[in-house]
Each structure stands twice: as C-alpha cells, then as structure tokens.
Amino acid sequence: KNPAINPALQRAFANGLAHKEYLALCTGLPPADEFEVLTGHGRSARGVFRAYPAEEIGRALPNGSRVKRMHTRFRVERCVEGGALVRAFPLTGRTHQIRLHLAHLGFPLVGDARYGGPVEWNGVPMPFHLLHAERLELPHPHTGAPLTLVAPPPEWAR
C-alpha cells in the first residue's frame, strides 16, 4: 500500500530474491516424487497463455512478443484418490505458470476448467482451481532483513 516500497519489492522479484511455494491438487499421479519442468511461455494465436517446447524459447510470436523461459520444481506431498497434492516452487514468475506446467504434463489442477482440469471432484462441484500460495520469502523491502509470509493451507490441502 506504500508506493515508496514498490521499487524494492520489484527488485527482489526481478533479481530472483523472492522464493515462492504453492500447494496444488492435481489430477493423476505425477511421474516422480520430485521433478522439474522447463518450457517456454507465451500467448497462443487465440491470446490464451500456453506452454511451448523449451527449444522455442526466444522465438518471436505473431503478437510481437517472444516465447519466454518458464521453469518450475515440483514435489509430491501425498497421493489422494485420483490425484496428488503437490508443492510447487516456481523458479520463474510467468502468468499461470504452475497451472500451465501441470496441464502440460497431463496433470491439470482440480477445478481448472481453463487448462483441462475437472470442474467436479469426487462428486463435489469445484467453482475454482485448487492452487494455494502458501509461502513467500524475500528481503524486507525497507530493512533488507529476511521476511517470510505464510498463509495456512486451506481445508482441501490438509
């Protein structure tokens, strides 16, 4: 809320000093307990964000932008019926990054209709995708001291 602090926050994110952790409930069982995904990121011809093959990073897109690097580490926390609770560590900060990477692998988020996830789970309608920003670590924008912000997991992630 303090505009004077914004430049310090922007620098922390731009310089890779902000570390984020998310919890996500995805469909299916990922290929390993820990895995990484590196792809390209950009908008499709229809304007929707999508993942591109890593070889296409840097390629020009019709809208004048370029395919950007998108990199996420994942760790399976536990298996659930028909899916898995995963912890995601985005190493880049692209729009819809976690949603895109899991969908790209064939494990879309529960409730994520935009990227192929089911809108009903175990007979319960899902009005939103099950992705939770749990932890953010960065230097305090005023003092530079380590700052950790934690949001308790929602019921679906417990």
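**Assignments and their grounds**

Guide: Asn122 is found in the loop between strand S6 (120-121) and strand S7 (124-125); helices (H or I, at least four residues) and strands (E, at least two) are DSSP runs, numbered from the N terminus. The model is predicted, so local features need pLDDT of at least 70 and side-chain atom pairs count only at pLDDT 80 or more, while totals for chains, interfaces and linings use all residues. Residues are numbered from 1 along each chain as its sequence is written, and side-chain values use heavy atoms, without hydrogens and water.

Visitor: Why does Asn122 count as exposed?

Guide: Buried means under 20% relative accessible area, exposed over 50%, and partly exposed in between (1.4 Å probe, protein chains only). Asn122 has 55% relative accessibility and therefore counts as exposed. Its phi is near 50 degrees, a positive value in a residue other than glycine.

Visitor: Why is His96 called partly exposed?

Guide: The relative accessibility of His96 is 22%, so this residue counts as partly exposed. His96 lies in the loop between S5 and helix H2 (97-105), and its phi, near 60 degrees, is also positive in a residue other than glycine.

Visitor: What joins strand S2 to strand S4?

Guide: Two strands pair if DSSP finds at least two bridges between them. Eight bridges join S2 (residues 34-43) to S4 (residues 68-80), and the two run antiparallel, so they count as paired. His41 has Lys68 in S4 as its bridge partner.

Visitor: What do S4 and S5 form?

Guide: S4 and S5 form a hairpin with two residues between them, and Gly82 in the turn has a positive phi of about 80 degrees. Eight bridges join S4 to S5 (residues 83-90), which run antiparallel; Arg73 stands opposite Phe89 in S5.
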